[in-house]
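Hi,

Here is the structure I promised to pass on. Have a look at it first, then read my notes below.

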Amino acid sequence: MPGQFNLLTRDVPSVDTKFRRISAPFPHPGALQVIDRLRRLEPVAMGGQPPVVWDRAEGFQVHDRWGNTWIDWSSGVLITNAGHGRKEIADAIAHQAASHLLTNYCFPSEIRARMVERLASLLPEPLKKVFLLTTGSETVECAIKLCRSWGVKNGGKLKHVVVSYEHAFHGRTLGSQQAGGIPPLKEWIVNLDPGFVQIPFPDGWRNRNISFESFEDQLRDRGVEPANVAGVIMETYQGGSAAFAPAEYMQALRRWCAGHKALLVLDEVQAGFGRTGTLWGWEHYKVVPDVACFGKGLSGSLPISAVAGRADVIDLHPPNSMTSTHTGNPVCCAAALASIDLILNEDLVGNARRMGEILRRGLDDLKGRYPRIGRVEGKGLVAGVACVRPGGTEPDGDLAWRVVERSIEKGVLMFAPVGYGGATIKICPPLVITEDALRESLDAFGQAFAESV
């Protein structure tokens, strides 16, 4: 059923291929013992992922301690762009840790200087100021703060509205969830800030209207005057579906924000560092935002994130008024610098583009055979397979969960379904995946789908 995976030990067909190995029983009794220990002490909310107890991970494979090996289609959760367990990243972490500088708050450090210089050197104008943080949600909170500070400075206290999109996911903290477009995730807040509004995302499927012409009408329908918009925040692609907006829409939005003195914020937490077959996801749109949020694939390992933006925006707050306890943690900076080098030196951006073409052809072929796949979205090595009920676009979360569970039993690892109705199967392998491994995992996924419909 949607929301949980089968924790009963059962016999499953053995798998023994070049890249996958699964043996019965599954889940292994030892795995269930570990899961039971966690569930006794952790929140129920932590129990939603498949019963795969990770022991080690290398490249595009994940191993447990009982001899099972999966081709990973999760990258953790879009973290390991440079691949799991890379020696270069591990060595950089060990080298920095051996220096005994493990933390330094906002006190200056040479490695933090190298980190912001590296990011700034890769980013286009005008994104030349960088603020290092810890998580993606933290970057979104910072972006909201910057939008409202910018709005009030340039238009008074009425210019405080932050516009975002329905079905968007920007994190799990108070501000990031209000910017998000998933109502059930916001019920706990009760007193929602009316300065956050969401409009339909132009995906061309559930929302057929992909024209920017209705943007201001959508604002006024929600009681917002365009002059009062401080910023528009959008995931470069929607995390729950992997859907991109039309390039023409984004270019019109870029012009609108400039003309209305509103900041355009692109949330690249999932999209950045090569995931979509370009270094930055916004390159598909031929626009550059005023503020960008990064995380996940930045380090490929340890928690580090970043906000980059125009100097006149990032510098809105005086010294000691926009800081973070673990900003630019030296060990995390070492990991991120090593990961960026791997992505660039090994042309993992190009590999994501080339493998992404194979992935998309395979998924489109599957869609042609199974009408229960309502839509395939994505670019590069991120894709969303939307499962629907017969004859329409109504999401079918039960089918998505069955497919994911069967895939895992066949040695292809994914996280739980996401998106609208919990019915989108997200596919996002490490950018180091090879063609042989990708084709093998596509075949296994197709078998899982055939057995689930």
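A quick word on naming before anything else: helices (H or I, at least four residues) and strands (E, at least two) are DSSP runs, numbered from the N terminus. Please keep in mind that this is a predicted model, where local features need pLDDT of at least 70 and side-chain atom pairs count only at pLDDT 80 or more, while totals for chains, interfaces and linings use all residues. Residues are numbered from 1 along each chain as its sequence is written, and side-chain values use heavy atoms, with hydrogens and water left out.

Now the overall picture. The chain has 13 helices and 16 strands. Its radius of gyration is 22 Å, close to the 22 Å from the globule rule for 453 residues, so the chain is as compact as a globular protein of that length. (That radius is taken over C-alpha atoms, and the rule is 2.2 Å times the number of residues to the power 0.38.) The C-alpha trace spans about 65 × 60 × 45 Å along its principal axes. Of the 453 residues, 57% are buried, where buried means under 20% relative accessible area, exposed over 50%, and partly exposed in between (1.4 Å probe, protein chains only). The accessible surface comes to about 19000 Å², and 54% of that belongs to carbon and sulfur atoms; these areas come from the Shrake-Rupley method with a 1.4 Å probe, and for residues only the protein chains shown count as cover. If you take contacts (heavy atoms within 4.5 Å) between residues at least 6 apart in sequence, 72% of them join residues at least 24 apart.

Next, a helix pair. Helix α4 (residues 110-122) packs against helix α10 (residues 330-345) at an angle of about 35 degrees, and their axes are 9 Å apart. Axes here are lines fitted to C-alpha atoms, for helices over the stretch in contact, with angles running from 0 to 180 degrees between N-to-C directions. On the α4 side the contact includes I111, M115 and L119, and on the α10 side C333, L337 and I340 are among the residues involved. Sorted by class, the contact has 11 nonpolar, no polar and four charged residues. For that count, Ala, Val, Leu, Ile, Met, Phe, Trp, Tyr, Cys and Pro are nonpolar, Asp, Glu, Lys and Arg are charged, and the others, Gly among them, are polar.

Helix α10 also holds S339, which is buried at a relative accessible area of 0%. Leaving aside neighbours within four places in sequence, S339 is in contact with A82, I89, G297, L298, S299 and G300.

And N209? This one sits in the loop between β8 (196-199) and α7 (215-221), and at 36% relative accessibility it counts as partly exposed. Not counting residues up to four places away in sequence, N209 touches P202 and S214.

Finally, some backbone details to look up. F26 and P27 are joined by a cis peptide bond, with omega about -10 degrees, and P27 is in the loop between β2 (21-22) and α1 (29-41). The bond from E125 to P126 is cis too, with omega near 5 degrees; P126 is in the loop between α4 and β6 (129-133). S75, in helix α2 (residues 75-78), has a positive phi near 50 degrees without being a glycine, and is buried at 0% relative accessible area. K261 is not a glycine either, yet has a positive phi of about 50 degrees; its place is the loop between α8 (247-259) and β10 (263-267).

Cheers
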